[in-house]
Amino acid sequence: MALSIPAHPLEAPHSERWLGAPPPASPPCRGSALVVDDSPSDRLLLTTMLRHEGFHIREAADGAAALVSFIADPPDIVFMDILMAGMDGCEATKQIKSLSNVSFVPIIILTALINKNALMRCTEAGADDFLTKPFNPQVLRARIVAVERMRDLQRTITTRRYALAELLERRREEQILAERVWNRAVTNRNVSMEQLSLAQRPATVFNGDLVLTQHLPDGGLRILLGDFTGHGLAAAIGALPVADAFHATARKGVDDTRVLAEINHKLHQILPPDRFLAACLISISGNGEELRWWNGGMPSVWLRNASGLHELASHALPLGILAELATREIPQRIRIQREDRLLVMSDGLLEACNAQGQMFEDAGFCEILDGWAYGEPILPVLLTALDAHSAGSTQADDIAILEIPLNDKLFATLDQESNPTSGSSWQWSLTLEDDRLANQPSLITALRPLGLLESIEMHAGVLETIVTELYSNALEHGILGLDSALKATPEGFDSYYRERERRLTTAGDGRLTLTLTYDAEAPGHCVRIRVTDSGRGFCDAEVFALPQDAMRPWGRGIAMVRDLCESLTYTNYGTEVEAVYRW
């Protein structure tokens with residue numbers, strides 16, 4: 001009697017192979033599968049089925065061995081028997097799920113009996129599906145497709161979650177960097193802030209609405225309140241050239257029209273077409289009798305005097321949109337008196353919404369404005385109403401509110417500064433090394449306690465600008481070795497300041513010495529500013545002799561220093577520079 005050996009149910013009959021039939025095409029690889037079962041026959045049957053489904057197979061005879069295999073090389077899917085000697089399937093499932101962390105690995109439980117308690121324990125341990133014995137190829141395929149769909153969805157969600165977390169972290173870092181740039185390079189040169197009432201409410205990490213103040217030669221005060229499109233680092237980068245031009249031209253007494261033209265030119269060169277600066281520029285004369293104002297795209301400024309409220313409405317385009325300002329959009333003039341008050345704001349105040357979506361402009365602002373009594377502050381009442389209005393709602397934009405009291409206290413400070421005594425000659429020097437290089441010194445803060453500011457106070461703003469430019473140039477190009485050509489595009493500005501922060505944290509030895517010498521005996525008054533750095537110098541020192549390129553968005557800072565100073569001289573391959581400022 002002939003012995004009949006049946007073919008394996010998942011293999012082609014022997015007769016077909018003997019007849020020369022081609023073997024079936026191999027299925028595409030679906031990853032690796034870990035089969036955990038203490039029954040060798042069940043493992044053999046399941047692994048054979050899984051190979052036909054396109055899996056690479058690893059086997060384990062118990063829960064402990066499954067953990068070792070998983071730790072060594074996590075599979076794409078796990079098939080886990082419940083009842084095994086030692087560590088059972090439920091415990092092994094629980095530990096594998098804890099090991100897989102955020103990477104989703106589906107686990108299909110293998111069971112011969114429908115035990116509700118056991119199934120519940122496995123579900124609580126983290127099992128994703130169940131497969132009953134004996135195994136059915138069609139049911140197995142359906143279970144695999146279901147958990148693979150679940151796995152791929154979970155991995156997509158995890159990938160996107162990580163991408164979102166990375167994006168949010170990058171944005172947080174940008175906000176921190178922007179705040180640092182804003183505080184150290186933009187607002188630290190402001191004057192008379194203690195005489196003004198300013199309230200700022202940031203929508204994110206810091207408030208990007210720009211507030212600048214500087215004295216005029218006649219003892220008056222120039223103020224700029226601006227609102228950049230965009231927030232964070234983009235706004236901070238745009239604010240740097242604005243602050244430089246504002247402070248330098250105010251101390252020189254440059255008229256308002258030329259100041260606006262210079263700021264507009266700088267912004268048009270560096271900002272992309274969809275970015276601009278809505279701004280309000282206010283200049284108060286030293287005698288307190290005239291107010292010059294220009295409003296480009298900002299909410300109306302309100303003047304409260306003895307005769308009532310006067311609206312100084314927007315009459316010009318924001319800065320940075322056009323290459324040149326329209327000739328008809330010139331600053332306006334109005335007479336003022338002591339005890340008058342000004343209210344200047346960004347549009348974040350008027351557009352602040354309550355929980356019902358109603359803007360503050362339509363829900364209380366006008367009533368507060370109409371009730372503003374002559375000689376009384378409006379800011380405290382305004383903030384109280386704003387807080388009540390915005391309670392329970394998320395702020396969408398930065399808010400800046402500036403109230404300017406035109407009183408004797410404000411102008412007494414300016415009058416006192418208008419005729420400083422010349423004093424005697426002096427020299428001041430400061431050396432910074434290593435991690436202290438990032439802390440650029442404030443000239444006014446350093447000289448005032450020493451009594452050295454008295455002789456130069458009327459020109460301290462201009463000198464601060466000159467020191468800032470020379471210090472930054474020596475630090476960034478001399479010590480850190482940064483290339484200004486990175487600033488050729490708006491994106492390059494971002495890369496430049498990111499690289500600057502990185503090199504500041506990783507820089508090794510470095511030294512920078514700043515020396516100021518005031519010569520009271522020279523014709524007029526003379527301050528020599530000398531900066532020496534320990535860098536390697538510049539490969540092309542002749543670059544400082546090149547004319548300024550009006551179309552180039554970088555290199556304008558040193559050009560501005562040239563215009564402000566009597567002379568500017570670089571020596572020793574750019575590692576030493578001396579500026580002579582005379583008045």
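## Overview

Of the chain's 583 residues, 48% count as buried (under 20% relative accessible area with a 1.4 Å probe and protein chains only; over 50% is exposed and anything in between partly exposed). This is a predicted model, where local features need pLDDT of at least 70 and side-chain atom pairs count only at pLDDT 80 or more, while totals for chains, interfaces and linings use all residues. Residues are numbered from 1 along each chain as its sequence is written, and side-chain values use heavy atoms, with hydrogens and water left out.

The chain has 16 helices and 20 strands, which are DSSP runs numbered from the N terminus (helices H or I, at least four residues; strands E, at least two). Among contacts with a separation of 6 or more, 70% link residues 24 or more positions apart; contact means heavy atoms within 4.5 Å.

## The sheet around E8

Start with an open, antiparallel sheet of five strands, ordered E7-E8-E9-E10-E13. Strands count as paired if DSSP finds at least two bridges between them. At the edges sit E7 (210–215) and E13 (332–335), each pairing on one side only. Neighbouring strands are turned by 15° against each other on average, direction ignored. Those angles run from 0 to 180 degrees between N-to-C directions, with axes as lines fitted to C-alpha atoms (for helices, over the stretch in contact).

Strand E8 (residues 221–228) is mostly covered, with eight of its eight residues buried. Leu221, Ile223, Leu225 and Asp227 point one way, Arg222, Leu224, Gly226 and Phe228 the other. On one side, E8 pairs with E7 over six antiparallel bridges, with histidine 215 opposite leucine 221. The two strands form a hairpin with five residues between them, and glycine 219 in the turn has a positive phi of about 90°. E8 also pairs with E9 (residues 277–284), antiparallel over eight bridges; here arginine 222 partners serine 283. Further along, four bridges join E10 (residues 290–296) to E13, and tryptophan 293 has glutamine 332 as its bridge partner.

## The E6 to E12 sheet

Another open sheet of five strands runs E6-E15-E14-E11-E12, again with antiparallel pairing. Its edge strands are E6 (197–201) and E12 (308–312), and the twist averages 15° from one strand to the next. E11 (residues 301–305) and E14 (residues 340–345) are antiparallel and joined by three bridges, with leucine 303 partnering leucine 342. Helix H11 (residues 379–390) lies across E6, E14 and E15 (399–406), at about 15° to E6.

## Helices H4 and H5

The axes of H4 (residues 89–100) and H5 (residues 116–125) come within 8 Å and cross at roughly 10°. Cys90, Thr93, Lys94 and Lys97 of H4 meet Ala118, Arg121, Cys122 and Ala125 of H5.

## Nonpolar cores

A nonpolar core here is a set of buried Ala, Val, Leu, Ile, Met, Phe, Trp, Tyr and Cys residues joined through side-chain atoms within 4.5 Å. The largest has 45 residues, and those with the most contacts inside it are Leu447, Ile466, Leu470, Leu516 and Ile529. Helix H14 (residues 460–479) gives the most, with 10 residues.

Leucine 470 touches residues including Ile529, Val531, Ile558 and Tyr570, leaving aside those up to four places away in sequence. A second, separate core of 23 residues includes Ile282, Val301, Ala400 and Ile404.
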